[in-house]
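Good morning, everyone. Please look at the sequence and the model on the screen. I will cover salt bridges and a backbone detail.

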Amino acid sequence: MMNKYFALLFIFSSVFFYSQKIDTIEINQFKTVQIIFNEEITYVEAGTGDLQVKNKIVDNILILQSLVPQSDFINTNLFIKTKTNVYNPMIKYNELPKKSTLLEKDLKSAVNNLVIPASPTVVNKTEGVEKASKENDSGKNKNSTTEVKTRTDEVNIYKTVAANDKSLFYQIMDKNDIFKPSRQYATDVWFRFFAHYIKDGKYYFKFQVENNSDLDYNIDHIFFSIQTLKKRNVSETQKEVNFTKFLNPIEVVPAKSKMFLVFEFSSFSINKTEEFVVETSEKNGARNFVVGIPYFIINKPIKL
């Protein structure tokens with residue numbers, strides 16, 4: 001539940017800081033950078049999780065260091081929460097950081113905690129979805145929980161899952177993993193890659209379309225490929241990757257709703273010069289998305 005809450009805080013912070021001064025902190029693999037705060041640090045999380053930014057809290061000091069070399073580093077953000085403020089600086093790799101020690105006053109983009117919404121009470125998703133599914137299938141019109149009421153469209157879509165895939169699908173839905181950098185926004189619609197899992201030699205990729213607009217989002221097609229990262233004097237190559245199954249096939253994400261999409265693939269790996277790319281286009285619209293997932297995520301699926 002806390003992971004979901006802080007994921008919301010990341011989104012909120014990103015929108016809020018758009019109009020604020022953005023702090024930049026430079027780190028590298030061989031030296032530490034320290035930020036000295038005036039009060040207790042209560043939470044820290046990098047946009048790429050613990051994959052490339054190491055953090056340690058000692059009293060009121062936050063210590064940062066890169067876990068990967070510059071060639072593998074992806075610029076990301078760092079969510080920092082103290083008793084009074086939240087911060088969302090950008091983290092970049094630099095072999096020679098401008099500063100190795102920063103003070104809290106050096107961070108200019110503080111937001112007071114009073115403007116951050118309180119953590120909501122969340123009902124277990126899997127239990128709510130299973131309960132609603134059973135009630136709809138039996139034709140009974142019973143009172144449902146608040147969580148299910150706010151997820152009516154999602155519950156209806158979950159009914160497209162084949163009977164022999166439901167147990168697996170609910171297992172994936174109950175996972176809270178999310179790789180935050182792999183997402184894109186376009187006119188009140190978010191397309192997000194959450195995570196990919198492995199079971200019995202198959203990959204299961206979990207995506208989400210969050211449609212906050214007043215228009216339905218009609219999916220024209222979703223295209224998957226492996227692309228070679230562009231380098232000087234080297235042409236880009238692209239190879240299509242076909243999924244073996246769409247566990248919950250949908251074509252429309254209704255206005256003001258969220259939908260998860262789960263695809264099954266035969267397992268594969270990519271090298272450090274490649275990335276897995278997801279392209280989504282809107283039918284009769286222009287809200288299209290292109291999201292890349294780096295090799296170090298693809299080559300480390302989460303076991304179910």
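Let's start with Lys256. Lys256 sits in the loop between β17 (252-253) and β18 (257-266). Keep in mind that this is a predicted model. Lys256 is not a glycine, yet its phi is positive, about 60°. Most residues other than glycine have a negative phi. Is Lys256 buried or exposed? Its relative accessibility is 56%, so Lys256 counts as exposed, the cut-off being over 50%.

Next, Asp59. Asp59 is in the loop between β4 (53-58) and β5 (61-66). Its phi is also positive, near 55°. Asp59 counts as exposed, at 67% relative accessibility.

Now the salt bridges. How many are there? The count is 7.

Take Lys272 and Asp72. Their closest N and O atoms are 3.5 Å apart. This pair links distant parts of the chain, 200 residues apart. Lys272 is in the loop between β18 and β19 (274-282), and Asp72 is in the loop between β5 and β6 (76-82). Lys272 is partly exposed at 46%. Asp72 is buried at 13%.

On to Lys245 and Asp165. Here the closest N and O atoms are 3.4 Å apart. Lys245 lies in strand β16 and Asp165 in the loop between α4 and α5, so the bridge ties together parts 80 residues apart in sequence. Lys245 is partly exposed, at 29%. Asp165 is buried, at 9%.

Last, Glu210 and Arg192. Their closest N and O atoms are 2.7 Å apart. Glu210 is in strand β13 and Arg192 in strand β12, 18 residues apart. Both residues, Glu210 and Arg192, are buried.

Technical notes
Residues numbered from 1 in each chain as written. Predicted model: local features only at pLDDT ≥ 70, side-chain atom pairs only at ≥ 80, totals over all residues. Heavy atoms only, no water. Helix = DSSP H or I, 4+ residues; strand = E, 2+ residues; numbered from the N terminus. Buried < 20%, exposed > 50% of the residue type's maximum accessible area, 1.4 Å probe, protein only. Salt bridge = Lys/Arg side-chain N within 4 Å of Asp/Glu carboxyl O.
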